[in-house]
Amino acid sequence: MSHPYWIEPQRVTLPYEFTTVVGGHPLIAQILYQRGITEPRAAQEFLNSDFYQPADPLELPDLEQAVNTLRHAKKAGWRICVWGDFDVDGQTSTTLLVDALRQLDYDVFYYIPERAGESHGLNTGGIQTVIQEQHADLILTCDCGVSNLEEVAYAYELGAKVIVTDHHELLPELPACEAVVNPQRLPETHPLRVLCGVGVAYMVVKVLYEMEGRHTKSDQWLDLVALGTIADVAVLQHDNRYLVQKGLPQLMYQPRPGLAAIFEVGGITPSELLETEIVGFGLGPRLNAVGRLDHAKDAVELLLAKDEMVTRRMAMDLEVYNEQRKQYCDEVEEDAERILRYQPQLLDEPALVLSGTNWHPGVIGIVASRLVERYNKATILISTSPEEGVGRASARSVEGLHLQNAIFKHQDLLLGGGGHAMAAGFAIQTERIPEFRRAFQQTVIETQQDDALNGAIAIEGWVTLPEITADFIRDLYRLAPFGAGNPKPVLGSQNVRLTNVRAIGANRDHTRLVIVDSQGQKITGLWWRKSSTDIPDYPVDVAFTVNLNEFRGSSTPQIILRDVRPYYATPVVANTPPLVAKNDIQVIDYRHDPHRLERIHQLATEHGDRLQIWAEGTSAKAIDKAVSRAYLKPSPKLVIASAPAAPDILNQILHRVSPEQIFVITTEEVQQTPTDVIKAVAGAVKTVLAQSSGQTTWAELAGAVGQRAFTVKHALDVLVEMGKLSYTQEGNRVRIKPQPANVAPKADQEALKALLQETAAYQRYFNRVNLTELIQ
């Protein structure tokens, strides 16, 4: 099993006023503070939408001009076409605008392009249809249009006017039209900048209704705003969070007829603690399915419909589409995994670019997201058509890689497309896919931000299993709604075992299990998209989110596993107090100095006994007077010549030496394999047997090979299993004997490999991070 790097929660002393305002379990205030919400007033606004003051919609550029044009259109008797998009953001935007304009007696109809034949945004064929055949005088776009300069100009040539409302990234030039309402035109820190398409549409309607003297009537569409915002994975901060907080209760408990029908037919039960999950995994996929497999106008008609019989029939059709969507997803995912099994070298590339003949283009984006989650690599899936000689691609990214920029750096190889930082789509001639793959991979290598912490899991608090009660979970959910920009808190528990493991799901690709601590306390857990055959049988630390399993009126705590790592038993790990900041420590950065050894020699000569040099493993071999962690002592100056294997080792070193000045002179560490470490530990054991009659400590052994103590213990267990030696331990002390053990422990080389991957990730991080911030 491979494990991403775990970022431990910081220990922070919180101001009394802040904790008092937040209230509840202390962890709530801790999480808010760690996420940058450090002022009492900001915490109030975050937790309670009644305290939040939303921004003025008129701060959106061109919004007032757009509303004035709409009011003029009504007086002039213009026929308006709302031009939408086929995803849920586009569907809800279209529904909102059409319903709002109809209630004001506008002459309005809508047009949504067909995903397969027309793709996203405006197109000349559709424009010709709505103007010349359906007699539109004004095209009002939603969730699209900002990149369609030529198409907008074409609409004007045919005698219509255009208002663009969109949220996608801007081109250097805006369309020449009546108004371009796009939050990307605002400064990056503006609270409206994060609006998605339906949020922008709502702002237009809100101001329009206010100018018409119907100030509160626009609230009736907040359910659509919440639905579209969550489904589009928009950042749930600032006004987006406020709008979703206001809209979710309406969406869950007073749903419009079409959504009520989806709840009923889909067997979806509204839940206060699972609101965003219900939207993201219940409503969203069903509405998206019809846009992916047929035509999104069916979803808009459902959202607009009032008749119960009609909505139920349409919801049943959506359920059929959703089942088909699941089948197509499974087929594409199976094909993609088959490619990776037969060409495992593709997993060594910085990104995945896979293609398949006639993969359903409507689902490849979903499968790309699954592969990103599984392999932590930006992923592009391309569905190719031999008849057309064209591939249609969907791409999903990881943090640190702006996907649109990386892809469209090579737009000379493409036939067109669009997107944003985390998702994109494009078309390409099939024969150019290999060339694009090579070029894109090189761009990822050149542009992706430091990957040491890509896929890292940030633990926001350690809890014991008895602490995970229903009341605790309800308190934690005061931080909801969760989503992009406000993820569910990831918690951790230590020294547990995973038992009662069984596969669940139609394809048996999920796992249900029971987590048990050392005292026998139990809690049920789920691990989505995790094979039941890949569950460790040794003590582990677990990273997870929590929720309540509500069934027949009872609420039972359960955890959703994110990752596990081997448990590092207490005798193996030195227990050090939390590092206290010393603001007067001077940190001098000589990392990657090409004259590293000469620099160390110069410092040793200059400072003499006032300086200690800490180096371990291979880094220590060429350095005179290098000292490992077990032999450090207080000193005013310290050279760090090895990248620490883990943050707790850095903590130990700084506490033991308590330096006033630190020189960091590290170089890139070569990631060691299990074989490398086992050989190094065998060499250290040989020295211990020869010089100390087999008596040593975990710290001495770990320092000799430059690894964590628990990593050394795993390597030592391998040597015991091989019949090379035996050992006993008491606390931190170890006694090694050259005779084989009577009963050898079962060594876990997979766990050893995972530990080494964690160490390599931290060492890469250490060699790139801002050292002053890290050490202070």
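The exercises below work through selected residues and contacts of the structure above.

The structure is a predicted model, in which local features need pLDDT of at least 70 and side-chain atom pairs count only at pLDDT 80 or more, while totals for chains, interfaces and linings use all residues. Residues are numbered from 1 along each chain as its sequence is written, and side-chain values use heavy atoms, with hydrogens and water left out.

**Exercise 1. Count the salt bridges, and examine the one between Arg374 and Glu333.**

Step 1. Side chains of opposite charge can pair when their charged atoms come close. The rule applied here asks for a side-chain nitrogen of Lys or Arg within 4 Å of a carboxyl oxygen of Asp or Glu, and by this rule the count comes to 30 salt bridges.

Step 2. In the pair of Arg374 and Glu333, the distance from N to O is 2.6 Å. Because Arg374 lies in helix α15 (residues 364–375) and Glu333 in helix α14 (residues 308–342), the pair ties together parts that are 41 residues apart in sequence.

Step 3. Glu333 is buried, at a relative accessible area of 8%, whereas Arg374 is partly exposed, at 33%.

**Exercise 2. Which side chain meets that of Arg474 in a salt bridge, and how are the two residues placed in their helix?**

Step 1. The partner of Arg474 is Asp471, with 3.7 Å from N to O.

Step 2. Both residues lie in helix α18 (residues 470–476), and because they are three residues apart there, about one helical turn separates them.

Step 3. Arg474 counts as partly exposed at 40% relative accessibility, while Asp471 counts as exposed at 59%.

Step 4. Elsewhere, salt bridges that share partners join Asp330, Glu333, Glu337, Arg370 and Arg374 into one network.

Step 5. A further salt bridge is formed by Glu388 with Arg392, whose closest N and O atoms are 3.2 Å apart; Arg392 counts as partly exposed, at 34% relative accessibility.

**Exercise 3. Describe the backbone at the peptide bond from Ala480 to Pro481, at Asn500 and at Lys625.**

Step 1. The peptide bond from Ala480 to Pro481 is cis, with omega near 5°, and Pro481 is found in the loop between α18 and β14 (491–504).

Step 2. Asn500, found in strand β14, has phi near 50°, a positive value in a residue other than glycine. At 59% relative accessibility, Asn500 counts as exposed.

Step 3. Lys625 has a positive phi, near 65°, and lies in the loop between β20 (611–614) and β21 (626–627). Lys625 counts as exposed, at 73% relative accessibility.

**Exercise 4. Count the aromatic pairs, and classify the pair of Tyr590 and Phe663.**

Step 1. Rings of Phe, Tyr and Trp (its six-membered ring) pair if their centres lie within 6.5 Å, and planes under 30 degrees apart count as stacked, over 60 as edge-to-face and the rest as tilted. By this rule the count comes to ten aromatic pairs.

Step 2. The rings of Tyr590 and Phe663 have their centres 6.5 Å apart and their planes at 5°, so the pair is stacked.

Step 3. Because Tyr590 lies in the loop between β19 (586–589) and α19 (596–607), and Phe663 in strand β23 (residues 661–664), the pair ties together parts that are 73 residues apart in sequence.

Step 4. Tyr590 is partly exposed, at a relative accessible area of 21%, whereas Phe663 is buried, at 4%.

Step 5. The charged end of Arg599 sits over the ring of Tyr590, 4.1 Å from its centre; the criterion is that NZ of Lys or CZ of Arg is within 6 Å of the ring centre and within 35 degrees of the ring normal.

Notes: Helices (H or I, at least four residues) and strands (E, at least two) are DSSP runs, numbered from the N terminus. Buried means under 20% relative accessible area, exposed over 50%, partly exposed in between (1.4 Å probe, protein chains only).
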